[in-house]
Amino acid sequence: MSHDQPLRIEIAAPSRPYPVLVGAGTLPRLGAALDDAGLGPSRFVVSSPTVWGFWGETLHEAQPEAAPIIVPDGERHKTLGGVSRIYEALVKGGADRSAVLLTFGGGVIGDMGGFAAATYMRGIRLAHVPTTLLAQVDAAIGGKAGVNLPGGKNLVGAFHQPSVVVIDPGVLSTLPRREFRAGLYEVIKYGVACDAPLFEQVSRDLGPLTRRDPATLTPVIAACCRVKGGIVAADERETGGRRVLNFGHTVGHAIEAGTKYRRLLHGESVAYGMLAACAIAKARGALAAADCRTITAAIAQLGPLPPLNDLSADAQLEFLRHDKKSHDGRLHFVLPTGIGASQIVTDVSEAELLRALRDLGLGE
Ligand SMILES: NC(=O)c1ccc[n+]([C@@H]2O[C@H](COP(=O)([O-])OP(=O)(O)OC[C@H]3O[C@@H](n4cnc5c(N)ncnc54)[C@H](O)[C@@H]3O)[C@@H](O)[C@H]2O)c1
Ligand SMILES: [Zn+2]
């Protein structure tokens, strides 16, 4: 494992600025990173049986004093019940207001642990050590935390920024291939929506990226953290600018809901959503046909997406009507206007949506 200096990105979140460290070998040196962030000695680590099974020993060697709290992950376990188990373990372990909670897992562990840290004793310090590509490029940055309710996803939550985020791309070596690919769609999202050089780098280095070469992954993950960090700094509570990161997510969320969150991974739904947004933008003349082809080809390069031909476009439209991100009855839609540039519009019509959904292969 390389012990080069990690890349360091400063996230200038108004409520708490913090560094993100990205690099191979940052996990074995976790203890020093937490000390440098000024975190106290009373440390707890929330993880899942899967992640702890693969990487618990490495984490334990790096942070022997951190007491493990193991809770199940996977979307259906992102509940208040999971958060309660974390609270109980904190109480049992004697955690007071000086305690530090580390999250060590994917977005589910990060969101549950983040919410527990935001609320336990009205808030304790938090550090994220994300272990999925999606969590490394997205969920660990920005301070959003929360859980699902039976009535919907992410309905309960808080904003609680971590004190430091430590990202070791080496842990991605054990991630199932499909989960890894789902994270890459989010990377493409950043590139298309706001970072043309990132898009070009991903298109060019797809081979070493899919082989999960840490040296190739490190600058790509860092670029995503930089983009998200910049947006979070300008719009911490997602009232305006942060919405560009919803590129692909409007139709993506509808497809996730329409397939009951079972058939597609989040990133795969976002890939469909990006294809739909590109098709709409192209049909409007907002996106050049050549750029549309380039983006579509990059998504296709990652392999086939699970088919949607048994879904009805009309039924999906119903989900879009209920999109919780809709404002004053209007759907906010991020449309690419080029590679690395996008605009937010509120006037996408149902006819345009239907056409895009049918283009994705959905039926009547
Ligand atoms: N807070 C935010 O800003 C934000 C942003 C995006 C997504 N999210 C949330 O993130 C969640 C999705 O996160 P996710 O995609 O990481 O899913 P996840 O946390 O469920 O992890 C996916 C799977 O990968 C396994 N896993 C994790 N790391 C591994 C590793 N290194 N090796 C082998 N297996 C590993 C997990 O056990 C799990 O089975 C959603 O709940 C979503 O709402 C939050
Ligand atoms: Zn997403």
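The dialogue below walks through selected features of a predicted model.

Colleague: How many aromatic pairs does a search of the whole structure find?

Modeller: The search of this predicted model finds two aromatic pairs. The angle between the ring planes names the arrangement, because planes under 30 degrees apart count as stacked and planes over 60 as edge-to-face. Tryptophan 52 and phenylalanine 104 form an edge-to-face pair, with 90° between the planes and 6.3 Å centre to centre. This pair links distant parts of the chain, for tryptophan 52 belongs to helix 2 (residues 49-62) and phenylalanine 104 to strand 5 (residues 100-105), 52 residues apart.

Colleague: Are tryptophan 52 and phenylalanine 104 buried or exposed?

Modeller: Residues under 20% relative accessible area count as buried. Phenylalanine 104 is therefore buried, since its value is 0%. Tryptophan 52, with 22%, is partly exposed.

Colleague: What form does the pair of tyrosine 87 and tyrosine 120 take?

Modeller: Tyrosine 87 and tyrosine 120 are stacked, with 25° between the planes and 6.5 Å centre to centre. Here too distant parts of the chain are linked: tyrosine 87 lies in helix 3 (residues 80-92), and tyrosine 120 lies in the loop between helix 4 (107-119) and strand 6 (125-130), 33 residues apart. Tyrosine 87 is partly exposed at 25% relative accessibility, whereas tyrosine 120 is buried at 8%.

Colleague: Which charged ends sit over the rings of tyrosine 190 and phenylalanine 180?

Modeller: Over the ring of tyrosine 190 sits the charged end of lysine 189, 4.7 Å from the ring centre. Arginine 212 places its charged end over the ring of phenylalanine 180, 4.6 Å from the centre.

Colleague: Which atoms of ligand 1 lie 2.6 Å or 2.7 Å from side chains of aspartate 73, threonine 132 and threonine 174?

Modeller: An oxygen atom of ligand 1 lies 2.6 Å from an N or O atom in the side chain of aspartate 73. An oxygen atom of the ligand is also 2.6 Å from a polar side-chain atom of threonine 132. For threonine 174, a polar side-chain atom is 2.7 Å from a nitrogen atom of ligand 1. Taken alone, ligand 1 exposes 870 Å², of which the protein buries 87%.

Colleague: Where is glutamine 161 found, and what does its side chain contact?

Modeller: Glutamine 161 is in the loop between strand 8 and strand 9 (164-167), and it is buried, with a relative accessible area of 4%. Its side chain makes a polar contact of 2.7 Å with the side chain of tyrosine 18. A polar atom of the glutamine 161 side chain also lies 3.2 Å from the backbone nitrogen of glycine 143.

Definitions and conventions: Residues are numbered from 1 along each chain as its sequence is written. Chains are lettered from A and ligands numbered from 1 in the order in which they are written. This is a predicted model: local features need pLDDT of at least 70, side-chain atom pairs count only at pLDDT 80 or more; totals for chains, interfaces and linings use all residues. Side-chain values use heavy atoms; hydrogens and water are left out. Rings of Phe, Tyr and Trp (its six-membered ring) pair if their centres lie within 6.5 Å; planes under 30 degrees apart count as stacked, over 60 as edge-to-face and the rest as tilted. Helices (H or I, at least four residues) and strands (E, at least two) are DSSP runs, numbered from the N terminus. Buried means under 20% relative accessible area, exposed over 50%, partly exposed in between (1.4 Å probe, protein chains only). A charge sits over a ring if NZ of Lys or CZ of Arg is within 6 Å of the ring centre and within 35 degrees of the ring normal. A polar contact is a pair of N or O atoms within 3.5 Å; within protein, one must be able to donate a hydrogen and the other to accept it, and residues adjacent in sequence count only if both atoms are side-chain atoms. Accessible areas come from the Shrake-Rupley method with a 1.4 Å probe; for residues, only the protein chains shown count as cover.
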